Amino acid sequence: MRVIVFFDLPVTTEKNKRDYRIFRKFLVKSGFLMMQESVYCKLAQNSTVADGLVETVRKNKPSEGLVQVLRVTEKQYSKMEFIVGQNNTCVLDTDERLVIL
């Protein structure tokens, strides 16, 4: 399962810019990978883990702007089409490093 976070945050004031930086750093430190500007994605082992990720995003959301979260299955994610551009293969974004305990 994948958790995709889309956000559109204002950057007009210094506080807005600071909130943007803090939120983006939170996503990166939480293991989200940037798909494109303001779109980040993370692999989740199951729906329970995905629910936890959504809750942490909710707790760390900035006070202003729009943050949206989408959960998709791995099968749905694999059907993504690249209309313009290409997939960046230098980023390891698969479940091959997944360790099941």
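Helix α2 has 13 residues and spans 18 Å from its first C-alpha to its last, close to the 18 Å expected at 1.5 Å a residue; the expected span is 1.5 Å times one less than the number of residues in the helix. Helices here are DSSP runs of H or I with at least four residues, strands are runs of E with at least two, and both are numbered from the N terminus. This is a predicted model, in which local features need pLDDT of at least 70 and side-chain atom pairs count only at pLDDT 80 or more, while totals for chains, interfaces and linings use all residues. Residues are numbered from 1 along each chain as its sequence is written, and side-chain values use heavy atoms, with hydrogens and water left out.

In α2, the residues Ala50, Leu53, Val54 and Val57 are buried. They lie on the same side of α2, because they cover an arc of only 100° around the axis. The arc is taken from the directions that run from the helix axis to the C-beta atoms. Buried stands for under 20% relative accessible area, exposed for over 50%, and partly exposed for what is in between, with a 1.4 Å probe and protein chains only. The cover over the buried residues of α2 includes β1 (2–8), α1, β3 (39–43) and β4 (66–72). On the face of α2 turned away from its buried side are the exposed residues Thr48 and Lys59.

Helix α2 (residues 47–59) also holds both Glu55 and Arg58, three residues apart, about one turn of the helix. These two form a salt bridge, with the closest N and O atoms 2.4 Å apart. A salt bridge is a side-chain nitrogen of Lys or Arg within 4 Å of a carboxyl oxygen of Asp or Glu. Glu55 counts as partly exposed because its relative accessibility is 36%, and Arg58 counts as partly exposed at 48%.

The structure holds five salt bridges. Among them is the pair Lys15 and Asp19, whose closest N and O atoms are 2.8 Å apart. Both residues lie in helix α1, four residues apart, about one turn of the helix. Asp19 is buried, since its relative accessible area is 15%, whereas Lys15 counts as partly exposed at 48% relative accessibility.

Lys17 forms a salt bridge with Glu14, and here the closest N and O atoms are 3.9 Å apart. The two are three residues apart in helix α1 (residues 14–29), so about one helical turn separates them. Glu14 is exposed, with a relative accessible area of 58%, while Lys17 counts as partly exposed at 34% relative accessibility.

Elsewhere, Met35, Met80 and Phe82 make a nonpolar surface patch of about 260 Å². Patches consist of residues with over 30% relative accessible area and no salt bridge; nonpolar side chains (Val, Leu, Ile, Met, Phe, Trp, Tyr) are joined within 5 Å, and like charges within 9 Å. Met80 lies in the segment after α3 (74–78). Its relative accessibility is 33%, so Met80 counts as partly exposed.

Taken as a whole, the protein has three helices and four strands, which follow the pattern β-α-β-β-α-β-α along the sequence. Of its 101 residues, 24% are buried. Contacts are heavy atoms within 4.5 Å. Among contacts between residues at least 6 apart in sequence, 72% join residues at least 24 apart. The accessible surface comes to about 7600 Å², and 53% of this belongs to carbon and sulfur atoms. Accessible areas come from the Shrake-Rupley method with a 1.4 Å probe, and for residues only the protein chains shown count as cover.
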